[in-house]
Every structure is written in C-alpha cells, then in structure tokens.
Amino acid sequence: MIDDGTELFTIGELARSTSLTVRTIRYWSDEGVLTPVTRSAGGYRLYDAESAARLELIRTLRELGLGLDAVRRVLAGETTVAQVAAAHVSALDAQISSLKVTRAVLSTVARRGSTAEEMTLMNKLARLSAAERRRIVEEFVAEVFDGLDTADPDIRTRLRFHAAHLPDDPTPEQVDAWVELAELIQDPEFRALMRAMVEFNAADRGPEVPAGTSLWFMSRLIQLAGQALREGTAPDSPEADGVLRGLLGDADRAAVLDRLTAAANVRVARYRELSAVLNGLEPAAGYEREFAWVVAALRAHPDR
C-alpha cells in the first residue's frame, strides 16, 4: 500500500489480497481490462480500491467462461452483465450440445470397436445440420413411396414420424440412435425392404379405401392371434384355419404370408426401436408372438 493520502496498491498487494497471481493481474492490465490509476516514481503500476473491486468482477466473469472482449465491453458500459450472460448461455448450450454429440460418437465407437473410417462416418452423420438430416429423411420416404399412389397415406405419415429429426437438445442415446438410423435408412437393401412392404400395401388398396385401413388390419391381427394364443390354439389346428378365415376372408394367403414375413424382418424391428428412442417414446410392443403365430398358421393352412 502506498501512503500518500490515498490507498494505492501495487500488483503484488492486489495479488496477495485476491489470491490471484501477479502474472494474471499483469496480463489483464496489459489487455486493458484493469487499467492502473497511476504509476509510482519508479514506474510501477498502482491501483485503488475501485480497481480491487473491478478485479473481483473480472475474475468472476472469467471464471464463468467469458472472454476478455466480453469482459472489456461490460466494464466499458457497452453492454450489461445480464446481456452478456444471456449470450454466454446460448454459447454454452451450443457447446454442451456439441459435447453430447462427441460423447455419443465416442461411446458408439468404443462399443462397436469401430475402425477410423467408421468413426469418421459416424461423426459426420451426428453433426449434420437440421436441414441435412431432414433431406436424408425426405429422400428415404420419397424413394420408398415413389409411384405408389394407392399406398395408405397413414403409413407415409408414420414412416416420416418414425424417422424423426434429432432433437435440438438430444441425449447421448438419441444421438447414438440417430447415427444408427441414418446409416439404416441410407442402406439400399433396407430401402428396398421398406419399399416392398409399401408395394404390398399399395397392391391391396383401391383409390376409395379409407386411410388407416392397413393399421386396422394389423390391430385385428394382433387381437385375433393374441386370443388364439391365450386359448392355446395350435397354428396347425383346424381352429387356426377358422381364425385365418375371420382375419383374411378370401384373401390370397400366400401373398399375406409374404407381407407378414417382410413386416417381421429384424431390421424393420430395429428401425422401430431406434425411432422410439429418437422420439423420446417407450419402445412399441413388437407383438412377435402374435405375428409368429399367424405366420405359422398360414404355413400350416396355405389354401383358402
């Protein structure tokens, strides 16, 4: 402290009173955020009590992660602490989101034992912009439905919903699910499988058939097959043939078997699981036992 009628402090005294290093205070002073009020006869920088308070504010802002430019603008009165804090929150949100993506990619790489090339692809997929992710989904839906105007529009809606966009604030699990789903819906074999399912649907529907009929059929299948399972009806029994008649009427059973076999594909099931994670939903029931019963019954009773 310099006693010349005012309380003036050297950098060393400020350092001792604030537990900051002399080097840090000198750096902030050199950067113009802590200007000395005067200099001693020997040329040493001197600071007053207001400088000490200013130093505490600088330290607080720096500990909260603000850059020196932002600190300088606050101290110059060009912006308020509240405004800088709001901008910093937005920046932190973006940083946190990026870190979540990084964590999810690295977790997936570790779990899969991925190669460097696979890691590069996963990182690229995870960091796509919202517009780029939307383009991938729309291209998938367009290819699956191209020219199939009679397909149930409810299926198109559900397919687009299932391939949901990555949320703005995704969990690591959602980033992981998006990476796997993006790879899946860009796979030509999977697209062909999904298109075959839609082709089956389009072939069964006329222009006057109400939307949602396909979903009603699946609900009916699950209901009747579930009842058969509860009652212990064997798929190869005469009673099973009666269940099929109630479900299918005079429909071509061989064609129905082809459709159900496609719908029960494990990759389609995985697509549904990933979609549930992306949408923040509980995984939908797969009704594997009900579908398996109907498939077994169709194979046991191929004739109408």
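Which residue just after α1 takes a positive phi? I started my notebook with that one, and I am working on a predicted model.

**Entry 1: the end of α1**

I went to the end of the helix and found S19, which comes just after α1 and takes a positive phi of about 65 degrees. I then placed S19 in the loop between α1 (11–18) and α2. Is S19 buried or exposed? I looked up its relative accessibility, and at 67% S19 counts as exposed, since the cut-off for exposed is over 50%.

Next I looked along the helix itself. I listed I11, L14, A15 and T18 as the buried residues of α1. They cover an arc of only 100 degrees around the axis, so they sit on the same side of α1. What do these buried residues pack against? I found β2 (7–10), α2, β4 (45–47) and α3. Then I turned the model around: the face away from the buried side carries R16 and S17, which are exposed.

**Entry 2: on to α4**

In α4 (residues 68–75), I wrote down L68, A70, V71, V74 and L75 as buried. Seen down the axis of α4, these residues fall within an arc of 160 degrees, and therefore they line one face of the helix. I checked what covers them, and the cover includes α2 (22–30), α3 (49–63) and α5 (81–112). After α4 I came to G77, whose phi is positive, near 80 degrees.

**Entry 3: a buried glutamate**

I picked out E290, which I found in helix α15 (residues 288–300). Does a salt bridge go with it, or what is the nearest side chain of opposite charge? I saw that E290 is buried yet has no salt bridge, and that the nearest side chain of opposite charge is R289, 5.1 Å away. A salt bridge needs the two charged groups to be within 4 Å. Leaving out residues up to four places away in sequence, I found that E290 touches L221, I222, A225, G226 and L229.

**Entry 4: a threonine in a loop**

I then visited T233, in the loop between α11 (213–230) and α12 (238–248). Is T233 buried or exposed? T233 has a relative accessible area of 16%, so it is buried. Which residues does T233 touch? Not counting residues up to four places away in sequence, I noted A228, E239, A240 and W293.

**Entry 5: stepping back**

I looked at the whole protein last. I counted 15 helices and four strands. Of the 304 residues, 36% are buried. The protein exposes about 17,300 Å², and carbon and sulfur atoms supply 54% of that area. Among the contacts with a separation of 6 or more, 68% are between residues 24 or more positions apart.

**Entry 6: how confident is the predictor?**

I finished with the confidence scores. The protein averages a pLDDT of 78, and 83% of the residues score at least 70. Where is confidence lowest, and where is it highest? I found the lowest in strand β1 (residues 2–3), at a mean of 46, and the highest in α2, at 91. Over residues 1–5 the pLDDT is below 50, and this stretch has seven contacts in the model beyond near neighbours in sequence.

Conventions. Residues numbered from 1 in each chain as written. Heavy atoms only, no water. Buried < 20%, exposed > 50% of the residue type's maximum accessible area, 1.4 Å probe, protein only. Helix = DSSP H or I, 4+ residues; strand = E, 2+ residues; numbered from the N terminus. Arc of directions from axis to C-beta. Contact = heavy atoms within 4.5 Å. Areas by Shrake-Rupley, 256 points an atom, 1.4 Å probe, with all protein chains shown as cover. pLDDT = per-residue confidence, 0-100. Lys, Arg positive; Asp, Glu negative; His and termini not counted.
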